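Take a moment to look over the model below. We will walk through it piece by piece.

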Amino acid sequence: MPDVDVDVDVTVNGVPRRARVPARTLLVHFLRDNLRLTGTHVGCDTTQCGACTVALDGVAVKSCTVLAAQASGHEVTTIESLAPDLAEITARGGTLAAAGSRAAGREPPASPEPVSLHPVQRAFWRHHGLQCGYCTPGMVMMIRQLLADNPDPTDAEVRHALAGNICRCTGYQNIVAAALDAAAELRGA
Amino acid sequence: MGTAMVRREDPALLTGRGQYVDDVDPPGTQSGGTEGSPPGGTLHAFVVRSPVAHARIASVDVRGARAADGVVAVLTAADLDAAGVGPMPGGEGMPAGALNPPFPVLAAGTVMWAGQPVALVVARTPALAADAAELVDVTYDELPAVTSPLAAAAPGAPVLHDGGPEGNVSFRARLAAGDADAAFARAAHRVRQRMTSQRIAPVTLEPRGVLAWVRGDPRAGDGRLEVRLPTQRPHGSRRWLSAMLGLPPERIHVVAGDVGGAFGAKGPIYPDQVAVIFAALTVGRPVKWIEERGESFLATTHGRDQVADLEMAVAADGRITALRGVVHAGFGAYLTPNAPGSLLGRLGPMLPQGYRISAIDVELVGVLSNTPPIGPYRGAGRPEGAYFCERLVDLAATATGLDPAELRRRNFIGAGEFPYTTCTGLVYDSGDYQAGLQEMLTRLDRTALETERARLAAATGELLGVGIASFVEPGGITPGAGHAGGAPDAGDQATVTVSPSGAVTVAVGTSGHGQGHETAFAQLAADLLGVPCEDVTVVFGDTDTAPFGYGTFGSRSAVAGGTAIYRACQAVLEAAKRADAPLPVAQAAARLGGLSATAASGAPPETYASGSYGCVVAVDPATGAVRVLRVVAVDDCGVVINPLLVEGQVHGAIAQGLGQALCEEVAYDAAGQPLAASLMDYAVPFAESMPPLLESYLVCTPSPANPLGVKGMGESGTIGVTPALVNAVMDALRPYGITHLDMPLTAEKVWTAIQAAR
Amino acid sequence: MFPADFAYARAGSLAGALAQLDAAATAGDNVKVLAGGQSLLPMMKLRLATPATLLDIGDLAELKDIAADGGQLRIGALATYRDLQRDPRITAGFPAIADALTVLADPQVRARGTVGGALAHGDPAADLPPVLLALNARVTIASRAGTRTVALEDFLRGVFSTDLADDELVTAVTVPAAPAGQAYEKFAHPASHLPLAGACTVIEVQGKAITGTRVAVTGIAPRAFRIDLPQRDLASRSVSALRAELADGDSAGGPELDAMLAGALEAAMAAAGAEPLADQHASGPFRVHLAAVMARRALARALSRADAPAGADE
């Protein structure tokens, strides 16, 4: 039996990580099980749903369709790194005041928001762009990529960019609205 | 109340800090996700499933699997039998004499559907469990299989279970009132149609799963069984587990945690989950199982699966006078608790919808087949009843020559006629159906659409179609007395506690899973108590910290949970009067050393939300492709706690309804093999499948049936959109003389119909 | 889902990779080459593929280059779809490739999936093969013994079957300069986004006359294939007359042209002895019909590009 283990040497969210794992370990399982970064989710197993989207060398990919071994020597960015200062918010309730009321493109937030949320995350919050939240990390990571590639997308371009992300709760409308709003914010519009 | 407040749930979920079952390890352990993990950690299960739809199990040999690398245990039906575990809870609320076969946890003797659990492999890592599962050697002697409800009910069909009164027919129930035959004899018009509401898959984005471990010995001493179960019904699940495992309920702790979508499918408890929990009891170590997506198409309950042969009698002036016919409902290989109720309590009784129909004679037939069990799926009988009725109404409009909206207007129950008792015995609380329809028609602007019809045909050759549908949505059910361990007629409970520091905790027995209950119930309690919303913490989904409740399903939480919270808040306000002066509740709590009250909802009556939906589609005759151009949704769900959340529910339900209408279907080949068992094959809507804007509007007729005036509304989009979309496509196909096609309206189906008509 | 165990090796150079493939082929070892992995890894997760060893060639920078030589483009096998989408030489010179990339899978898959990997995979329902066929692309193949170049037409064989030997690697795809009149149209499966049918059309126009038309289709037969439309059906028409006939709508010329194109496709398949693909997603006749509609629409789009001044699009 040949050696089925490999050394993986990868920088995740800026931190060098090293482990010896079976070669068949998918990047998503490496992140979730070895590094306990459980914000990246598995939703479909067949590269359709996008819940596992992370950035590999700065480009959004589906981490269920990349081997951890392939990522060795490269850099991975996960949802956890987008708002690193918010580690404490797993306990809920304390942040509502900071959320402000819904902007929805119609009214400004009533009160300041936590500055450490990424603009895409803030826009999802304002626009009710999530319900169960399971697809959300992948959606945020994909929209972050879209806005890097195309800072001023149309509604149709946002929808087309989400061809690899499934949400079963929201009907997508508020996700698209959040993406457009975040784009405007990032452009300084 | 009434404020579009953003959700307190969101920051954790947005930043990857949700705690779904696969994100969790038992205290003091670490998941054995990879081969290098320490001993004593969580074990992982893989379920061996039947690859065939119907067979006798000739032999099961687990020796190879037991000897495989990393394997700790392999369980089969024999192990469960020896421990006296099972059977699964069967169907509830059926007529006397109904066939309700015992539903084994792991298949014994026979397998009844492709995907039924046969054995469970428990190993150090998920991958090793999957490897070893390939070594479980089961020999199947295949039997003929039957998958569709009509075929299964037909004479000569392969019979699944012995002991039924009529082959695979579990029961026949007659829903009759008035003299339907006389009405049909007098009718100026009769429209009749066979219609299918096809079997579909819920596809929660988080698959199912479970994590179980023991603290001490739950069977003796003071041990406990800890169960992390993504469920809509923590208390109900505890009661089911208690019965199946022979453990007292207080020895079982069920925690739902974050639940990644449910839509009804996480209401039942499942055989694979029970086997995993039993494995944790057996091996004395934590065991986790997470469903693969492919498994979810084989093992998670499906929804719908009915075939209706229905007829509508219409007078010359357009009055609908009677409905008659038969509805066959497939239930899968075994009955789950709520499956019969979706037919007998929802689909059948809701057939008259919002219309004054005085006579009905419909036979409701429950049928078993070699398919995964049917369970609740968003609407659970409501979308099907509305779909069948609203398709017939459109056919009646064609027959009478009346405009579809006008025909509906002539039959609506009037705003002044509430409470209204339907011929099927339901008592509608309130509504103004004319107003909802009018609002929708104004927004839709059918006159302008006629211009658009011509423009589109010239520009792209596409056929424009406009369809409407009106519906009534029952919500807020409190199950019968004693169900799931509840006290007779008491309903769900809520405990409201105000600490001396002014912190308010609301613990409630309903159990949200993505809807935003933490936010909505905080708003509600803050309003009722007169405290800032930020001071309120909402707790649910944990049988230790939340009081008894039936959980969240059937659009019940605002009605049932909301009423319980209302009553508990009233009790706290009453207790605050014990302070020596009239004080705000927080100050009273400070002076009195804290305040707390538990109250039950008192089982408030069901509410009846309503709505009118309009859809505009473009059909490409060259390919049969259907594009949805517009969805206009007008919903009346009474008093709204948080319009942002209501709109979110409407949007999501519209997407699911659109999916059923256009692309979703769980189909089987002749051998009972599923034709779509992955998201490569089974099409759910993507962002590009949706129209550019979901035009959602609210009107309000408060419910007099509960103190808040709220109505359950979580399913409305699935109910309104399916008939409105199909009606729209049929409108587009009118030039070809096509009057009905069954869902899903795939390109090939539409194209084939056009070819046949040309 | 978990692939079965395998050994993993990462190639440090093309010569090293070819040596390793050569040794494995000699020994009869089950080695699969891993490029972007967007087709192979899903098959391994389903355990439809269980190689003993994966040879990851992802580090071979020399296979990632996209080089222009006159109007001709040499695309390294490891260039990703995303690389191509962002390359102005593609968007300007090969709009049909750009069409296909826009509707191919999704952005995340396009970030990993490679041109060479897609061709070597031999999937009958892939978007790029018909485009590259219609563009007369050639495939460069390397082995320890040397390098050879074959027309894509000869490289594609059948379902997951190509001209590639066990000891060979696809190293590049070469696309000759092509006329502006080119387009790709696709009818996607609503779940997988794979083409139920797709068609690429390249049209050559001189003055007001059509001098050549190449059509290649995917999704309807075991491999993508090309037909040359009979001149008598198209060349006799002026550009403007043809455009009117290509329009959609029952009263327009579309349905008649669809029937003509479907007949041509069926004849080509019959001549090659190929059965139309048919499965639970679409019947054979529907796929063939869709391919004809897509071909007609691609023709219309190609025609508008042939007409348009350089750089402008419809």
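Predicted model: local features only at pLDDT ≥ 70, side-chain atom pairs only at ≥ 80, totals over all residues.

Now turn to where chain C meets chain A. Chain A brings 26 residues to the contact, and chain C brings 23. On the chain A side, β4 (59-62), α2 (68-71) and α5 (136-149) each supply at least two residues. β4(A) gives the most, with four residues. Sorted by class, the side of chain A that touches chain C has 14 nonpolar residues, eight polar ones and four charged ones.

Next, find strand β24 of chain B, residues 626-636. Is this strand mostly covered or mostly open? It is mostly covered, with 10 of its 11 residues buried.

β24(B) has partners. Strand β23 of chain B (residues 607-619) pairs with β24(B) in the antiparallel sense, over 10 bridges. One bridge links B:G614 to B:V632 in β24(B). The two strands form a hairpin with six residues between them. There, B:G624 takes a positive phi near 85 degrees.

Strand β25 of chain B (residues 694-699) runs parallel to β24(B), and six bridges join them. How does the chain get from β24(B) to β25(B)? It crosses through helix α18 of chain B (residues 643-662), and this β-α-β crossover is right-handed.

How values were computed. Residues numbered from 1 in each chain as written. Chains lettered and ligands numbered in written order. Contact = placed C-beta atoms within 7 Å. Nonpolar A, V, L, I, M, F, W, Y, C, P; charged D, E, K, R; others polar. Buried ≥ 20, exposed ≤ 12 C-beta atoms within 10 Å, placed from the backbone. Pairing = 2+ DSSP bridges. Right-handed = clockwise from strand over helix to strand, strands pointing away.
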